[in-house]
Amino acid sequence: MKKLAKPLASIKPEYDFVVIGSGYGGSIAASRMARTGQSVCLLEKGKEFLPGEFPDTLLDASKEMNFVRGKSSSLENNGLYEFTMGNGINVFKGCGLGGTSLVNANVSIKPEERVMQDKMWPEAIRQDLASFEEGVNRAWDMLKPNPYPENKGGYPILKKTEAMRKSADYMSASFRLLDINVNFENKTNHVGVKQAKCTNCGDCVTGCNVGAKNTTAMNYLPDAYNHGAEIFTSINVRYVKKFQAYWQVFYHPIGIGRDNFDAPLLFIKAKNVILSAGSLGSTEILFRSAKMGLKVSKRLGMRFTGNGDVLGFGYNNDERINGIGLGKKGTDSIANVGPCITSVIDLREREDLEDGMTLEEGTVPGPIRSLMPKALIAFSRLAGKDTDRGIKDYFKEKYREFRSLFLGAFHGAVAHTQIYLVMTHDDGNGTMKMDQEGKMSLNWEGVGKQEIFNKVNGEMFSATQALGGTKIPNPTWNNLMNYDLVTVHPLGGCGMGDSADKGVVDHKGQVFDGENGNTLHEGLYILDGAIIPRPVGTNPLLTISALAERSCKLIAEEKGLNLSYGYETAPNSVGEQVSGTGVQFTETMKGYIGLGESVDYEKGFEIGKLENNTFEFTLTIQTDDIDAFVADASHAGKMIGNMIAPSISQEPLSAYNGVFNLFVQDEGDEKKKRMNYSAQLISPTGQEYYFDGFKEIKNDIVVDAWKDTTTLFITLYKGTTTDGVILGKGKLVIKVTDLLKQLRTVKALHPTSKEEGRRAIGTFGKFFAGNVFETYFKL
């Protein structure tokens with residue numbers, strides 16, 4: 001599969017729609033808005049993972065784990081698995097191109113109608129549930145959920161599923177196979193992506209290395225790409241601001257070294273902004289935006305819910321379960337583990353809606369299986385409750401524990417353990433707040449003590465009792481840890497409402513302007529789990545998707561845009577073809593510019609120094625393919641970054657459409673070569689400038705090599721080209737300390753291996769050094 005994300009330096013300064021986040025809400029927004037013919041830019045904080053690139057060992061998985069308290073203020077945190085520790089509740093979510101769809105359990109299930117009729121929803125939704133149902137159907141058509149094909153196509157009936165049937169019979173409860181977003185045949189799908197069939201490896205929640213999981217990276221995102229959306233990863237959006245008729249999205253590119261230089265944020269312009277960074281991410285961005293002056297509802301950060309999530313274990317059952325993923329042991333043959341979740345004991349149709357719940361089985365992903373034998377023994381001693389007794393049963397259980405400890409998780413007690421995932425209805429009274437330093441906290445003290453969670457544990461006990469095992473609750477759900485909960489389905493924080501005093505957004509996700517009334521911010525929307533005002537009592541991905549589909553249709557209608565849904569134009573292959581390994585580095589240069597000087601660089605520098613007209617930049621230079629870069633006579637790379645020129649703009653300028661040429665032969669002098677820099681600049685107040693600079697490398701005095709390669713002569717023009725009026729000239733230099741920092745930013749782009757990455761960097765180094773040597777020592 002080709003990559004969907006473009007190189008950072010390809011980003012444009014302005015779009016019709018900027019979508020922030022690529023989970024279900026963001027991917028749907030990008031797909032649907034691109035289908036209307038609008039220019040769309042999607043910004044994702046995480047990285048892009050292709051099938052085969054997800055961690056399959058504990059060591060690799062640990063490198064992608066990111067632990068933060070509340071929401072971290074760090075600009076560089078970027079692990080695939082993000083754990084947010086709160087007060088009373090903790091959150092696990094995914095961070096990558098595809099959002100949490102990369103690491104969820106794939107379940108597409110509708111909420112009860114009673115959930116959607118609750119008065120927490122805006123009246124426009126309650127009175128028009130047909131539009132919600134239409135959204136469900138649109139999402140279903142794209143995500144292609146289907147049940148696990150028992151005894152079809154070589155797929156066996158799974159032990160864990162049979163155990164769930166037995167538990168359901170014991171509980172006199174409803175059992176069924178779930179519709180899951182998993183592909184069970186080799187094919188090219190409806191948007192042109194080649195997908196392999198599921199191999200039953202069980203590693204859905206650490207990332208599908210087979211390509212069978214129908215994440216948004218397999219459907220909505222390629223569809224957005226097919227219709228012209230531009231996708232960028234490793235972009236940490238901080239806040240949005242309104243300026244005249246445009247929104248400004250301020251962001252920090254992750255992992256390119258700008259943090260080494262304390263570089264300011266970049267920004268792009270958009271007519272419309274759709275926040276889809278998830279319950280925590282969208283809420284945080286809106287909090288930061290409010291600190292920058294955006295008027296929002298006082299309900300921001302309220303009505304957070306964990307969707308009643310409960311994790312538990314039926315440990316060391318008499319029944320074999322095979323609930324352990326294969327990890328690195330995965331093969332192309334169909335295994336006996338199965339997708340993460342395949343079935344449900346549906347306990348929702350109860351007289352009191354709030355007592356309803358769904359109880360599903362799961363699998364432990366292969367990369368962490370080595371932790372399970374000792375951990376489950378410890379948890380069973382700490383909080384476990386055995387459901388059967390007897391000397392014979394006691395020795396059988398001990399023998400199984402012994403086998404797990406010495407033979408591993410595929411044997412004994414762990415292989416006989418059922419993993420339970422339950423969703424129910426908590427009271428939804430969690431809160432998120434941001435302190436003066438800009439750090440967000442998640443607060444819900446005592447949530448785990450709500451009576452509903454005792455009922456959940458009672459149902460898990462019954463399910464385990466049917467199998468003769470030991471019921472283990474969520475390891476943090478105990479008196480010692482104040483009954484803290486863990487959720488994988490965070491919802492709320494920017495809840496819907498009929499007015500600003502009841503919610504943060506209206507029924508279509510448009511953000512209210514102010515603390516009361518119905519005035520809306522034109523062109524600002526939130527489409528993700530953050531807008532859901534209450535728990536839905538089951539897996540929420542289909543609810544989130546249906547609401548996003550509904551909102552996109554309404555947004556298109558309001559703006560007079562034609563939104564089509566067909567797949568007639570889907571290509572046979574989707575994505576950016578990566579031809580080779582690139583190289584990037586980030587450079588800072590500082591100096592002075594003389595305003596009004598249009599001829600002499602040195603004179604401009606002296607005037608600027610005298611008048612203290614400082615000028616500096618931090619630019620990231622990227623080559624997509626180092627071999628092509630070296631072979632091309634123009635040696636052209638792309639550039640992005642910003643420039644600080646207080647005499648021109650009180651706020652930093654963002655640089656786009658930048659071009660960098662390294663060691664280009666001077667047409668008029670064979671002894672000279674040039675490094676050329678050019679870029680379009682935009683200011684937050686709407687002014688546009690054009691920057692042009694060069695380093696002149698000439699064979700005169702060998703000791704000038706340092707000076708020549710670290711001195712840049714600059715010209716600043718008004719407008720977007722060199723045809724504009726010259727505003728000034730000057731000179732910039734690299735300080736030794738900044739050069740040392742610059743060297744630490746050199747990295748390979750999309751290498752196929754560590755060796756290939758080192759080769760690419762070496763090729764760039766040899767090219768640079770060879771040209772310097774050739775110029776200054778040429779006979």
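1. Lys160 counts as buried because its relative accessibility is 0%, where buried means under 20% relative accessible area, exposed means over 50%, and partly exposed lies in between (1.4 Å probe, protein chains only). Lys160 belongs to helix 6 (residues 159-171), with helices (H or I, at least four residues) and strands (E, at least two) taken as DSSP runs and numbered from the N terminus. Leaving aside residues up to four places away in sequence, Lys160 touches Ile321, Val337, Gly338, Pro339, Cys340, Ile341, Thr342, Glu361, Gly362, Thr363 and Gln418, contact meaning heavy atoms within 4.5 Å. The C-alpha atom of Lys160 is separated by 60 Å from that of Asn661, which is 501 residues apart along the chain.

2. On the basis of these values, this is a predicted model, in which local features need pLDDT of at least 70 and side-chain atom pairs count only at pLDDT 80 or more, while totals for chains, interfaces and linings use all residues. Residues are numbered from 1 along each chain as its sequence is written, and side-chain values use heavy atoms, with hydrogens and water left out.

3. Side chains of opposite charge can pair when their charged atoms come close. With a salt bridge defined as a side-chain nitrogen of Lys or Arg within 4 Å of a carboxyl oxygen of Asp or Glu, the count comes to 38 salt bridges. One of them joins the side chains of Glu230 and Lys12 at 2.3 Å, N to O, and this pair links distant parts of the chain, since Glu230 is in strand 11 (residues 230-232) and Lys12 in the segment before strand 1 (14-20), 218 residues apart. Glu230 counts as buried at 12% relative accessibility, whereas Lys12 counts as partly exposed at 35%.

4. Another salt bridge joins Arg32 and Glu549 at 2.7 Å, N to O. Here, too, distant parts of the chain are linked, with Arg32 in helix 1 (residues 24-35) and Glu549 in helix 13 (residues 541-558), 517 residues apart, and both residues are buried.

5. What separates the closest N and O atoms of Glu755 and Arg758? In this salt bridge the distance is 3.5 Å, and both residues lie in helix 18 (residues 754-776), three residues apart, about one turn of the helix. Glu755 and Arg758 are both exposed. Elsewhere, salt bridges that share partners join Lys45, Glu82 and Lys93 into one network.

6. The axes of helix 9 (residues 372-383) and helix 10 (residues 391-407) come within 9 Å and cross at roughly 145°, the axes being lines fitted to C-alpha atoms over the stretch in contact and the angles running from 0 to 180 degrees between N-to-C directions. Pro373, Lys374, Ile377, Ser380 and Arg381 in helix 9 meet Lys398, Glu401, Ser404 and Leu405 in helix 10.

7. Leu405 lies in helix 10 and is partly exposed, with a relative accessible area of 42%.

8. Most residues other than glycine have a negative phi. Lys144, in the loop between helix 5 (129-143) and strand 6 (146-147), has a positive phi near 55° and is partly exposed at 31% relative accessible area. Asn612, in the loop between helix 14 (601-610) and strand 27 (614-623), has a positive phi near 60° and is exposed at 52%.
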